[in-house]
Amino acid sequence: MTIFFGTLLSFTRMKLAPIQKVQVEIDTKKKILGAVMDISSLNPEEILETYENKMISKVLDINGNELSQDDGSKYVAEEINISKNYKIKKDERLYPVFMYSNDGSSIDFYIFPMFGNGLWDWISGFIALDKDLNKIVGVAFDHKAETPGLGARISSDEIQDRYKGKKIFNELGDLVSIKMLKKENNEILTLHEVDGMSGATITANGLNDMLKNYLDCYLPFIKKNQN
């Protein structure tokens, strides 16, 4: 019985692996596209087709240079595991960057993946910048175990829309990132601040740290492409 069911489970896993791989691919590309466009009306096939037609990707080192594998082939940015990379020293990580081009002739948006820690477990996100690599055009945040109604709100449109139009550089050209404040409904917000989430200060701090840490890592690439 043990051998029979063990064999059956192995066979089932082998059969399901390709299906699971496709689902992971769709989910990843859905999140990337979701940072720059409304994909609510697109089915999985349309998501994959849109991604193929609109997106360009690279894998960078900490200095903003494109990396190649030992055999000379390029890394596949969509296959880089950001959570595993997060555990590696910053200067040894692989940094994917995704570029959206509406007509194929120029880059309209740059999308950067990131990873960090929330209150209970990991949080992650994609942040999309305009062609000048300063203004945020969209974000797509995710989490594993933040508290429903509190920290879990980072994945809601309500919270993510607060980041649109904000800027990561100040007037002096210094990277300041975007800071989520401690409370909501603040009367005055700068171009580098968003309203907080009541009862979710630790999640907000984790989000702030994640944005700043990864934007720092992508800074060499950003500066090169701004110039």
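Contact here denotes heavy atoms within 4.5 Å. In this predicted model, Thr203 is found in helix H5 and touches Leu119, Ile123, Glu146, Gly151, Ile154 and Met197, residues up to four places away in sequence not being counted. The side chain of Thr203 also forms a polar contact with the side chain of Glu146, at 2.6 Å. Thr203 has a relative accessibility of 2% and is therefore classed as buried, the cut-off being under 20%.

The core comprises 54 residues, and the members that touch the most others are Ile111, Phe112, Tyr163, Ile168 and Ile222. In soluble globular proteins, nonpolar side chains tend to be buried together.

With neighbours within four places in sequence set aside, Ile168 is in contact with Leu129, Leu133, Asn134, Ile136, Asp174, Leu175, Val176, Ser177, Ile178, Leu215 and Ile222. Leu133 is placed in the loop between strand S4 (122-130) and strand S5 (136-143), and its phi is near 55°, a positive value in a residue other than glycine. The relative accessible area of Leu133 is 0%, and this residue is buried. Ser177 occupies the loop between helix H4 (157-160) and strand S6 (179-180). A positive phi, near 65°, is likewise found for Ser177, a residue other than glycine. Ser177 is buried, with a relative accessible area of 3%.

The largest pocket holds about 720 Å³ of space and is lined by 27 residues, with Val24, Thr28, Glu78, Ile80 and Asn81 nearest its centre. Two or more lining residues come from each of H1, helix H3 (82-86), S2, S3, S4 and S5; H1 gives the most, with eight residues. By class, the lining of the largest pocket consists of 14 nonpolar, five polar and eight charged residues.

The second largest pocket contains about 540 Å³ of space. Its lining is formed by 22 residues, of which Gly34, Val139, Ala140, Asp157 and Gln160 are the closest to its centre. H1, S5 and H4 each supply at least two residues of this lining, and S5 gives the most, with six. The lining of the second largest pocket divides into nine nonpolar, five polar and eight charged residues.

Key
Residues are numbered from 1 along each chain as its sequence is written. This is a predicted model: local features need pLDDT of at least 70, side-chain atom pairs count only at pLDDT 80 or more; totals for chains, interfaces and linings use all residues. Side-chain values use heavy atoms; hydrogens and water are left out. Helices (H or I, at least four residues) and strands (E, at least two) are DSSP runs, numbered from the N terminus. Buried means under 20% relative accessible area, exposed over 50%, partly exposed in between (1.4 Å probe, protein chains only). A nonpolar core is a set of buried Ala, Val, Leu, Ile, Met, Phe, Trp, Tyr and Cys residues joined through side-chain atoms within 4.5 Å. A polar contact is a pair of N or O atoms within 3.5 Å; within protein, one must be able to donate a hydrogen and the other to accept it, and residues adjacent in sequence count only if both atoms are side-chain atoms. On a 1 Å grid over the protein atoms alone, a cavity is a set of points where a 1.4 Å probe fits but cannot get out, and a pocket is an open set with protein on both sides within 12 Å along at least five of seven lines; lining residues have an atom within 4 Å of a point. Grid points are joined across faces, edges and corners, and a volume is the space filled by probe spheres set on the points. Ala, Val, Leu, Ile, Met, Phe, Trp, Tyr, Cys and Pro count as nonpolar, Asp, Glu, Lys and Arg as charged, and the others, Gly among them, as polar.
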